[in-house]
Amino acid sequence: MKENIPLKLVKMLKPFWRHYAVVLLLNLVTQLVVMCIPFLFAKMIDANTFNQAILFVAAAFACWLISRTIISITRDRYEVQNIDFDTQPFLNNLSLRKLLNFSVGQHRNENSGIKQHVVGEGQSAIREMVERMIFEITPVILQTVVTTTIITVFSPLIGSFIIICITLYLYLTIKRNISYRGRTLDWIEKRKNQAKIISEFHRNIPFVILESQEDKAITMVRDAQEKNSDMAKKLWTPYVTQSGYLRIIIGISLYGSIGLALYLIFTGQFSKGMFVAFVSWIQQSVGNVEMLAYYQRQFMIYFAQVNKYFELTSIPSDISMAENPILPENLFGKIEFRNVSYSYPSRNDSKKSHANENESVSNLCFTILPGEKIGIVGESGAGKSTLVNLLRRASDPSSGSILIDDYPLTHLDLHWFRSNIGNVEQEVAVFDLSIKENIVFGLNGRAGSITDQDLHEVAKLASIDDFILKLENGFDTMIGERGIKLSGGERQRIAIARALIKNPKILIFDEATSALDAYNEKLVHDSMNQASKGRTTIIIAHRLSTVIDADRIIVMKEGAIDDIGTHVELSERCAEYQKLIKNQIVAF
C-alpha cells in the first residue's frame, strides 16, 4: 500500500518528534492561559468595586506575563537548542544518502540540475511545512478548538452555530483543494524544465561568455520563466477568486455569532462583561479559521514539492545488493566477461546514439588474467566506456555475467570490490580541497594513517612529485573549484595518485590522455606505465599510442568485440584496427 505524504514525513522526522511534542505541549499551555484573559476582562467589567476590577486586571496581566515570557522563552530556547539548527543538516544528510544509494548509471542518465532542483525544493518544503505546522498552524488550531469549546460551554447556541459554519467552510475548501491537487503537481513537474535550463546555463557560464551568447542565454531562461509564470497565473487566479467567495462563510460566522451574543445579553442571559469575552473568543475562533485559509495555497505547493521529492528519493537502485555478499581475503585481479549484453533504458534501438555512455553492448566474451595490461579501443560510441562501467557496476548487465577471481560480481561486497579498483577518467572529479585531501579521498577510514612518505611515493609514481615540491604549501595547497589552479595534466596525475594510494589490484584508465597535449600525454603515459606494474590494468583510449605496449588490445565495433590481440597482430589482421591506425594524427 502506498504511503501518503504525512505518514512519510512522520517516519522521516521521527528523531525530532519528541522535540516537536514538547513545543506542541507548550503551545497548548500557552493557549489555555491566554484564553483566560477575555474571561478575566469580563469579570473586570462586571466587578462591583474598583479593588475587584484591579484584582482581575492583575490576574489578566499575570496570565499574559506567564504566556508571553516564561512559557514563550522556554519554548523559544527549546526550539533553538533542539530544532531550528538541526533539521536542515539532518535533511541534507538524509537526501545525500538517498542519492548515493542510486547506481552510477542512474545518475548519468538523469539531469543533475533537475535532481538538485527537486531535492532543494523538497527539503525546503519539508522544513517550511513542518515548522509552519508546528509553530504557526497548530497553535492557531489549538486556539480555535479551545475558544470554540469555551464558547460552546458558555453558550451551546453560539458554539453550535460557529461549528456548523466552520465545518461548511472546511468541507468546501477541502473539496476545492482536492480538485487542484493534480493541476498543482503538473505545474511543479513543468517547473523542473525551467530548473534544468537555468542549471545548464549556470554550469556553463564561461562557455556562454566566450561564445558571446549572453543574450541568447538570458532569452531562453526568460522564455522558460514566462511559460511557468503564465501557467501559474492560470492555475492560481481562479483559486484565489474562489477563496474570496468562501470567506463570506467566515463573515457570516463572525457577525452572526456576535449577533447571537447580543441577543443573549439583551435577554439577560449574560452580563455585558461576558459580551466582551464572547466577542474576543469569537474573533479568535472564527478569525483563526480565516487565517488558516491564508496557508492553504502555500501548503498545496509544499505538498506537490514534497511529493516530487519522495518520488525521486524513493526510486530503488537498479543494482541489487547480495543479501550475504562475498568478502574474499584477497583480490588477484582476474576478470571474465561471459556473454555480457547491456542496453540502456533510454536507448531507442532504431536510432543509434553517438554518446559513449548511451551505447549498448552485446555478447561480450573475454578473460583478463591477473597483472595483465589490456587496452580497449574503438570509434566513439563503440561501447568501450559501457564495458568498463559494467565492470565497475555502474549498471548490471541485461544478460550474461561478469566474474572477478571466478566470483560472480553481483555476489561480491560492492564497497570492498570498489575499494580495490583505481579509476582515472578523462574528466577528473576533484574537490575544492587540498592536494592531499583529493589524493586520499578514495580511502575508507585509512586516510588518517597515510604518512607524508606514502604521499611522496604515490606522487612519484604519478610523476607529479616535482610539481608538488615546487608549491609553497606542498600537499596542503588548495586546488580551487574543479581544480582550476591545476593544468589538465596535473589533474590527471593527481587522479592517478588518488587511484594508487588505495593500492588497487585493478586499475582503470578511461580516456585518461585524450584531452591532453603531447607533453602532458607523455607524462601521464609514463605515470600509467609505472602505476600498472603488478596490477590488472585496463586502458580505454582513442590514441593508440597509449595502448601500443599493452599485453593485449580489445577492439570494439558497434557494441561488440571485433578482435583481440597485440598491437602487431591486430595491425596485420584486423581491418577495424587498421582503420583506427590510419585515422591517428601521429603514425606508428
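**View 1. Tyrosine 577 and its surroundings in the predicted model.** In this predicted model, tyrosine 577 is in contact with Val377, Leu544, Ile553, Val555, His567, Leu570 and Ser571, once its neighbours within four places in sequence are left aside. Tyr577 also belongs to the largest nonpolar core, which has 41 residues, and it is listed there with Val377, Ile439, Ile496 and Phe509 as one of the residues with the most contacts inside that core. Helix H14 (435-439), helix H15 (452-461), helix H17 (488-500), strand S7 (506-510), helix H18 (518-531), S9 and H20 are the elements that each give two or more residues to this core. The largest share, six residues, comes from H17. Apart from this core lies another, of 31 residues, with Phe337, Tyr342, Ile404 and Ile540 among them. As a general background, nonpolar side chains tend to be buried together in soluble globular proteins.

**View 2. Leucine 580 in helix H20.** Leucine 580 is found in helix H20, and it counts as buried because its relative accessibility is 8%, where buried means under 20%. Not counting residues up to four places away in sequence, leucine 580 touches Val377, Gly378, Glu379 and Leu544. Tryptophan 281 lies elsewhere in the model: the C-alpha atoms of leucine 580 and tryptophan 281 are separated by 86 Å, and the two residues are 299 residues apart along the chain.

**View 3. The salt bridge between glutamate 576 and lysine 557.** The closest N and O atoms of glutamate 576 and lysine 557 are 3.9 Å apart, and the two residues form a salt bridge. This pair links distant parts of the chain, with glutamate 576 in helix H20 (residues 575-583) and lysine 557 in strand S9, 19 residues apart.

View 4. Lysine 373 forms a salt bridge with aspartate 549, and their closest N and O atoms are 3.4 Å apart. Lysine 373 lies in strand S3 (residues 373-377) and aspartate 549 in the loop between strand S8 (536-540) and strand S9 (552-557), so the pair ties together parts that are 176 residues apart in sequence. Lysine 373 counts as buried at 10% relative accessibility, while aspartate 549 is partly exposed at 37%. In the other pair, the side chains of aspartate 76 and arginine 75 meet in a salt bridge, with an N to O distance of 3.5 Å. Here arginine 75 is buried, with a relative accessible area of 18%, and aspartate 76 counts as partly exposed at 35%. The count for the model comes to 17 salt bridges.

**View 5. Helix H2 packed beside helix H4.** The axes of helix H2 (residues 17-34) and helix H4 (residues 50-84) come within 10 Å and cross at roughly 170°, which makes H2 roughly antiparallel to H4, since angles over 145 degrees are counted in this way. On the side of H2, the residues that make the contact include Tyr20, Val23, Leu26 and Val33, and on the side of H4 they include Cys63, Ile71, Arg75 and Tyr78. By class, this contact has eleven nonpolar, six polar and four charged residues.

How values were computed:
Residues numbered from 1 in each chain as written. Predicted model: local features only at pLDDT ≥ 70, side-chain atom pairs only at ≥ 80, totals over all residues. Heavy atoms only, no water. Salt bridge = Lys/Arg side-chain N within 4 Å of Asp/Glu carboxyl O. Buried < 20%, exposed > 50% of the residue type's maximum accessible area, 1.4 Å probe, protein only. Helix = DSSP H or I, 4+ residues; strand = E, 2+ residues; numbered from the N terminus. Axes fitted to C-alpha atoms, helices over the stretch in contact; angles between N-to-C directions. Parallel < 35°, antiparallel > 145°, perpendicular 65-115°, else oblique. Contact = heavy atoms within 4.5 Å. Nonpolar A, V, L, I, M, F, W, Y, C, P; charged D, E, K, R; others polar. Core = buried A, V, L, I, M, F, W, Y, C linked by side-chain atoms within 4.5 Å.
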